[in-house]
Amino acid sequence: MRTPQSKALAAALIAVLALPIAGCARNRAKSDLPYVARDVGTLYSTARKRLDQARYKEAAVLFDEVERQHPYSVWARRAQLMSAFSYYLNRDYTESIQSAQRFLSVHPGNRDAPYAYYLVALSYYEQIRDVTRDQKITLQALNALGELTRRYPNTRYASDARLKIDLVNDHLAGKEMEIGRFYETRGQWLSATLRFRTVIDKYQTTTHTPEALMRLTESYLSLGLPDEAQKATAVLGANYPGTPWYDQAYKLMQKHPPQAVAPVPPGQQIVPVGTPGAQTLSLPGQSGTATPKAEAPAPPTPVAPSGGTTGAPVPTTETPTT
């Protein structure tokens, strides 16, 4: 039977034997690290080699190590931006944004600052999800792209940012349409109208505008506002006469024409407009005397929608000069 003293002695012996093994493991792990070199030139060159080999994660770690070991050298400034670039290629977008923003906070007036803003915008842009998801990232991408175009409007990065801004706005308009159609299916016509109005007011240059006008026609008719529906159809016919959306809106208006003005009963005096004490009726959103409304033109021969869709362009990246 083993005594308590023998058990303690055995435990101590095991601990002593384990120390060299643990030390060897630590030394071996340290030797496996790719940034054992302390010379800044060698360290930076190794990072560039990893980047050229498409080993983006290792390259980013190496560039971070350049900044950590040599924070006040010219290599550190370059390594910050290259780290952001490597993280972006590795799709570590949060790390890429942080590295680029750290570069901008330390070197706001550097000649590579436009590229850093571009990397931030691209990192947000690549995280945009479909319209059924929350669009917080989409708004962040829009803000980052807008900041780039405001600060550096004449750079080649701003040119690509303007194109992406149009695509982001189209995406946000699609989100409003998704919510508006959902409200329509539930019969919440007023809420649907507000969403479609948002598309018309804020995103009128997007591809969703024709459908938004047709949906407005549906919603106004369901709310019992045929005059407002006729206005939406007239705008749709004036701007998008060859679309199936206008053809559908026109057919709806044929089934639900605006109400005619009721005749004045015999013997009742008609007060001319402008006479003191005269009362005028106005629809929601209107004020003053109603003006004559133009009839919506008949739809032309239906034209098939053009084929193909415009996808987001492949992000362009550029490695800053060393």
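**Close-up views of a predicted model**

**View 1. Helices α2 and α4 are roughly parallel to each other.** Angles under 35 degrees count as roughly parallel, and here α2 (residues 40–52) and α4 (residues 74–89) pack at about 20 degrees, their axes 11 Å apart. Axes are lines fitted to C-alpha atoms over the stretch in contact, and angles run from 0 to 180 degrees between N-to-C directions. Helices are DSSP runs (H or I, at least four residues), numbered from the N terminus. This is a predicted model, in which local features need pLDDT of at least 70, side-chain atom pairs count only at pLDDT 80 or more, and totals for chains, interfaces and linings use all residues. Residues are numbered from 1 along each chain as its sequence is written, and side-chain values use heavy atoms, with hydrogens and water left out.

**View 2. Residues of α2 and α4 in contact (heavy atoms within 4.5 Å).** From α2, the contact is made by Val40, Tyr44, Arg48 and Leu51. From α4 come Trp75, Arg78, Ala79, Met82, Phe85, Ser86 and Leu89.

**View 3. Ala54 in the loop between α2 and α3 (56–69).** Ala54 is not a glycine, yet has a positive phi of about 65 degrees. Most residues other than glycine have a negative phi. With 44% relative accessibility, Ala54 counts as partly exposed (buried is under 20% relative accessible area, exposed over 50%, partly exposed in between; 1.4 Å probe, protein chains only).

**View 4. Arg91 in the loop between α4 and α5 (93–106).** Arg91, also not a glycine, has a positive phi of about 65 degrees. Its relative accessibility is 65%, so Arg91 counts as exposed.

How values were computed:
Helices (H or I, at least four residues) and strands (E, at least two) are DSSP runs, numbered from the N terminus. Angles under 35 degrees count as roughly parallel, over 145 as roughly antiparallel, 65 to 115 as roughly perpendicular and the rest as oblique.
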